[in-house]
Amino acid sequence: MKRVAVTGVGVVSPLGASAAEAYRSAYRGRSGIGLLDAPFAHRLLSPLAAALRFNAEDHFDPPKLRMLDRVSQFALVAASQALDEAAINLRDVDSGRAGVFVGTAMGGSHTVDDGYKTLYGDDSDRLKPFSVLMGMYNAPAAWISIEHGIDGPNLTYSTACSSSTVAIGEAWLRIASGGLDIAIAGGAEAPLSFGSLKAWEALHTLAVADACAPWASCKPFSKNRRGMVLGEGAAMLVLEPWERAVARGAFIHGEILGYGLSTDAGHITRPSVAGQAAAIRAALASATLNPSAIDAINAHGTGTLANDATETAAIKAVFGERAYRIPISATKALHGHLLGAAGALECVLSLLAMQHAVALPTMHLQTPDPECDLDYVANCARDGVPARTMLSSSFAFGGTNAVLVLGAGASR
Amino acid sequence: MTTTFERIVSMLVKDYQLNADALTPDSALDELGIDSLGVAELMFNVEDEFKITLPPEAARLATVGDVVHYIDGLVAAQHGVPVPGGLIKAPLSPAA
């Protein structure tokens with residue numbers, strides 16, 4: 001297996017419109033969550049979201065924009081950032097040797113929502129001609145290939161909240177096995193349509209707004225956590241063989257060391273300690289690392305009652321007593337749950353945290369929960385944490401658990 | 001009276017931010033960035049603008065002029081009235 005370097009990162013997120021900006025916001029504990037400013041907000045029980053200020057006209061010509069759902073807009077901007085930073089000339093890559101791997105849980109949700117409004121709300125048959133191609137789940141990945149002329153594998157993964165962790169992991173496998181020379185991998189999500197928000201609301205997993213501080217409504221691992229907050233955005237990484245990156249003098253953000261998958265095979269939403277622990281163990285095994293080699297963790301940490309207690313137990317199951325000494329960050333307190341883009345955003349934040357020798361904070365953790373008693377780096381970033389390895393975990397509805405092992409990047 | 005051509009031009013300017021001065025009946029849609037897929041969307045909006053219904057089969061429309069003639073034909077057939085202008089501003093019938 002080849003070593004795999006991350007040579008470019010791109011982010012469009014509630015924490016900022018670049019990876020560096022998102023990292024700074026996360027470091028400072030600046031929340032991207034707030035009350036949603038939308039015409040339908042009054043019909044939501046709790047109009048919370050981590051929404052973007054994103055002006056699509058700044059990025060796309062009008063004829064092209066008419067064909068892009070918001071999710072594809074995010075994906076394209078993040079992918080361009082990542083490729084620009086990697087400074088790769090894709091013409092130097094052999095045909096078929098570059099690929100695109102994108103995760104999304106809800107695809108073109110706004111397009112689908114608009115179509116239903118026309119059909120059922122307006123009682124009209126006037127569905128727009130682009131409805132299919134804007135709503136289809138593989139549109140974000142397809143547009144990246146079209147924009148950059150990437151003619152190798154073009155794959156879309158939809159495993160709910162673990163979609164983009166799966167996408168990065170599957171891309172890692174292709175690069176590590178020698179099947180590809182370049183991969184764009186990550187995720188995109190634009191779930192803040194009325195229909196999507198109402199559907200999530202009906203599931204009773206969304207947080208109730210904190211009356212005093214809406215931006216602090218997502219409280220991972222806190223006793224008074226009330227649920228998750230939906231967020232939108234995209235994060236993309238450029239992966240390539242380590243030797244290739246070194247040979248061309250690329251800046252290396254870090255390394256993907258391993259990737260583990262498991263499936264709960266139990267309940268459609270309820271997480272399982274055994275399933276989460278199995279994914280962590282599988283990731284460690286693929287990296288040929290012992291649990292003792294892991295320095296820090298970016299938790300799935302959604303802020304739901306079920307996940308955070310389960311995840312804490314799973315970390316203890318794998319790491320034993322040492323679990324109490326591993327800094328664990330849950331950045332969803334700030335950027336919300338980007339569903340199919342969450343894992344990629346957290347992977348990028350983790351790589352940047354290692355570069356800065358920082359453990360990012362788990363914000364809004366004011367009330368300790370006896371069931372969640374590990375070191376979550378509560379409320380304030382911790383400097384001087386020289387992590388060389390991190391886990392980035394994503395656990396999904398449907399039961400697909402995915403964990404990446406990340407390396408800080410210097411020679412091993 | 002506004003001609004069909006002028007109404008198409010104003011749609012292209014508004015929806016595709018094209019330069020009105022550069023648009024002529026001979027302008028190729030493809031060169032304006034409107035490929036066959038784009039034409040499908042343009043014609044969807046044309047249905048609303050001209051209050052016509054497109055037949056199920058797709059028409060082969062290569063230029064702005066093709067679109068104008070196609071619309072004029074549909075308007076005449078579906079509204080049973082002479083086309084108000086078409087490509088030229090003069091009334092079609094001197095007697096009108």
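Select A:A296 first: this residue stands opposite A:M390 in strand 13 of chain A. The model is predicted; local features need pLDDT of at least 70, side-chain atom pairs count only at pLDDT 80 or more, and totals for chains, interfaces and linings use all residues. Residues are numbered from 1 along each chain as its sequence is written, while chains are lettered from A and ligands numbered from 1 in the order in which they are written.

Next, select strand 9 (residues 296-298) and strand 13 (residues 389-395) of chain A, which pair in the parallel sense over 3 bridges. Strands (E, at least two residues) and helices (H or I, at least four) are DSSP runs, numbered from the N terminus; two strands pair if DSSP finds at least two bridges between them.

Now display the whole sheet of chain A: 10 strands form an open sheet of mixed pairing, in the order 5-4-6-7-1-8-14-13-9-10. At its edges lie strand 5 (154-157) and strand 10 (328-329) of chain A, each pairing on one side only.

Then select helix 3 (residues 70-86) and helix 6 (residues 139-148) of chain A, whose axes come within 9 Å and cross at roughly 45°. Axes are lines fitted to C-alpha atoms, for helices over the stretch in contact, and angles run from 0 to 180 degrees between N-to-C directions. Helix 3 of chain A is therefore oblique to helix 6 of chain A (under 35 degrees is roughly parallel, over 145 roughly antiparallel, 65 to 115 roughly perpendicular, and the rest oblique).

Finally, show the contact residues (C-beta atoms, placed from the backbone, within 7 Å): among them are A:V71 and A:L83 of helix 3 and A:W143 and A:H148 of helix 6 of chain A.

How values were computed: Contact = placed C-beta atoms within 7 Å.
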